[in-house]
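Here is a friendly walk through one protein model, one topic at a time. Keep the structure in view as you read.

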Amino acid sequence: MAHIIQLPKIEDKRGNLSFLEGDNHVPYTIERCYWIYDVPGGEHRGGHAFKKQQEVIIALSGSFDVIVDDGVQKQQFQLNRSYYGLYIPQGMWRQIENFSTNALALILSSTPFDESDYIRNYNEFLTYKK
Ligand code: TYD
């Protein structure tokens, strides 16, 4: 199941600090990270599933919604704090939308980039899940 991971938050009058470690706060070894930014209003990103890749998505800045779909049920998560990570296991269709101005989405992935791990067609995803 996709779920929110609460990350450490060290509060300090000089400013707050959060962190995470692979195989600790995140239940896999981090092999890659990428980030999505400068998203024009009304655009969405994602809209695909991964066969193997697990990921954690963090709103480092601003806010956006992540819709996670296991082929039967959809869950919607609003991310708007940099100390929450959304864990998404493999085999889920996911889309990111409703980006605020200056939203910055960090994605921590369990695999290097591999186009053959993507399912980019929703009907193909439903067939894959059966
Ligand atoms: P794409 O998967 O279409 O973005 P989104 O997740 O928003 O649907 O990725 C856009 C392009 O970037 C696509 O040509 C693949 C490339 N890409 C890489 O080369 N390496 C990466 O780690 C990622 C995430 C994407």
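## Aromatic pairs

In this predicted model, the structure holds eight aromatic pairs. Rings of Phe, Tyr and Trp (its six-membered ring) pair if their centres lie within 6.5 Å; planes under 30 degrees apart count as stacked, over 60 as edge-to-face and the rest as tilted. One of the pairs joins phenylalanine 64 and phenylalanine 99, tilted, with 5.4 Å from centre to centre and 40° between the planes. Phenylalanine 64 belongs to strand S7 (residues 64-69), while phenylalanine 99 sits in the loop between strand S10 (93-97) and strand S11 (104-109), so this pair ties together parts 35 residues apart in sequence. Helices (H or I, at least four residues) and strands (E, at least two) are DSSP runs, numbered from the N terminus. Phenylalanine 64 is buried, with a relative accessible area of 1%, and phenylalanine 99 is buried too, at 10%. Here buried means under 20% relative accessible area, exposed over 50%, and partly exposed in between (1.4 Å probe, protein chains only).

Tryptophan 93 and phenylalanine 125 make another tilted pair, at 5.6 Å centre to centre and 50° between the planes. This pair links distant parts of the chain, with tryptophan 93 in strand S10 and phenylalanine 125 in helix H1 (residues 122-129), 32 residues apart. Both tryptophan 93 and phenylalanine 125 are buried. Elsewhere, Phe50, Phe113 and Tyr118 form one aromatic cluster.

## The nonpolar core

A nonpolar core is a set of buried Ala, Val, Leu, Ile, Met, Phe, Trp, Tyr and Cys residues joined through side-chain atoms within 4.5 Å. Which residues touch the most other members of the largest nonpolar core? Of its 21 residues, they are Ile36, Ile57, Phe64, Val66, Val68, Leu86 and Phe99. Two or more residues each come from strand S4 (32-36), strand S6 (55-61), S7, S8, strand S9 (84-88) and S11. S7 gives the most to this core, with three residues.

## An open sheet

Five strands form an open sheet in the order S8-S7-S10-S5-S12, with antiparallel pairing. Strand S8 (74-79) and strand S12 (118-119) stand at the edges, each with a single partner strand, so one side of each has no neighbour in the sheet. Two strands pair if DSSP finds at least two bridges between them.

Strand S5 (residues 45-50) pairs with S12 over two bridges, and with S10 over four bridges. Look for alanine 49: its bridge partner in S12 is isoleucine 119, and alanine 49 also stands opposite tryptophan 93 in S10.

## How the model was read

Residues are numbered from 1 along each chain as its sequence is written. Local features need pLDDT of at least 70 and side-chain atom pairs count only at pLDDT 80 or more, while totals for chains, interfaces and linings use all residues; side-chain values use heavy atoms, with hydrogens and water left out.
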